[in-house]
Amino acid sequence: MKTVIINADDIGMHPAIDDGVAALVAQGVVTAASVMALGNPDRHALGVMRQCGASLGLHLDFSSPLAHAPRHGAHTFTTTMFAAWSGHLDRGRTRKAIRYQIERFRELTGSLPEFVDGHDRVHQFPVVREALFDELAEIMPGQSICIRSTAPQVWRGARAALIALGSGALERMARRAGYLHNTDFYGVYDHSGRTDLGRCWRGWFASQRASGALAMCHPASAARGLEPYRLKEFAFLGGPQFAELLAEYDMRPMPWWRI
């Protein structure tokens, strides 16, 4: 049997995301949830996730609409990426933004995050990753935490390779700090609506070489105000075809702390 962390992103972005993820957690499908601390996640949904044993982590955000509120400053993915990779992102201000989100996460959930990842994988960018590890060392000295890597262990297409940018340095930093990271990463696909999710998941499961992989997903219980692919994911992950795939590939969804 192999284990996989099935990690749903964007908790706090929209009520239908929170409801959908909580339902899939209760069903035993989703085992980790990434919370956007700049949003307003549903406290009941968070309670369900916690009660059912899902890992709750911080979805570090510098580029979503939630990060554009006046108190957070306006950023886009493109400007954040350019500033980070060109060395122009201010490390001190970045640390303050990260600390605010960690403290906000604690206020929302009653605990520090069990893992950290990033919206638009910003946690892997230069300056951001160094600031993140500085803050974790100060806020959580000696405590264990997990770090999500977006590095696939086998070729899964150009889009997946692009999303892995910066993951190698992040993994090395995590190991030096004594933090765990996932062994593989998948869940990247074309959201245009033409994608066969069953075929995608079959390919991902078949290519997973060892336990401890992480599968990213973005389900929501309703499509109103959200991208249609989220509802499609919700229906697929909660349906019989996905359960059959888990059984066929002897795959067991696990929270972070069980990898």
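Okay, a bit of housekeeping. What you see is a predicted model, where local features need pLDDT of at least 70, side-chain atom pairs count only at pLDDT 80 or more, and totals for chains, interfaces and linings use all residues. Residues are numbered from 1 along each chain as its sequence is written, and side-chain values use heavy atoms, with hydrogens and water left out.

Helix and strand names next: they are DSSP runs numbered from the N terminus, with helices being H or I of at least four residues and strands being E of at least two.

Let's begin with helix α1, residues 15-26, and helix α9, residues 228-237. Their axes come within 10 Å and cross at roughly 15°. An axis here is a line fitted to C-alpha atoms, for helices over the stretch in contact, and angles run from 0 to 180 degrees between N-to-C directions. So α1 is roughly parallel to α9; angles under 35 degrees get that label, over 145 is roughly antiparallel, 65 to 115 roughly perpendicular, and the rest oblique. The crossing of α1 past α9 is left-handed, as the near helix is turned anticlockwise from the far one by less than a right angle; clockwise would be right-handed.

Who touches whom? From α1 we have Ile17, Gly20, Ala23 and Leu24, and they meet Arg230, Phe234 and Leu237 of α9, where contact means heavy atoms within 4.5 Å. That contact has five nonpolar residues, one polar and one charged. For these classes, Ala, Val, Leu, Ile, Met, Phe, Trp, Tyr, Cys and Pro are nonpolar, Asp, Glu, Lys and Arg are charged, and the others, Gly among them, are polar.

Now look at α8, residues 197-207, and α10, residues 240-248. Their axes come within 11 Å and cross at roughly 15°, so α8 runs roughly parallel to α10. This crossing is right-handed. Gly198, Trp201, Arg202 and Phe205 of α8 meet Gln241, Phe242, Leu245, Leu246 and Glu248 of α10, and by class that is five nonpolar, two polar and two charged.

On to the empty space. Rolling a probe the size of a water molecule over the atoms shows where empty space is left. Here it's done on a 1 Å grid over the protein atoms alone: a cavity is a set of points where a 1.4 Å probe fits but cannot get out, a pocket is an open set with protein on both sides within 12 Å along at least five of seven lines, and lining residues have an atom within 4 Å of a point. Points are joined across faces, edges and corners, and a volume is the space filled by probe spheres set on them.

How many cavities of 30 Å³ or more turn up in the whole structure? One. The largest cavity holds about 50 Å³ of space, and its lining includes Trp201, Met216 and Leu237. α8, β8 (213-217) and α9 each give two or more residues to that lining, which has eight nonpolar, one polar and one charged by class.

The largest pocket has a volume of about 540 Å³. Of its 28 lining residues, Asp120, Arg121, Ile163, Met216 and His218 are closest to the centre. Helix α6 gives the most to this lining, with three residues. By class, the pocket lining has 10 nonpolar, nine polar and nine charged residues.
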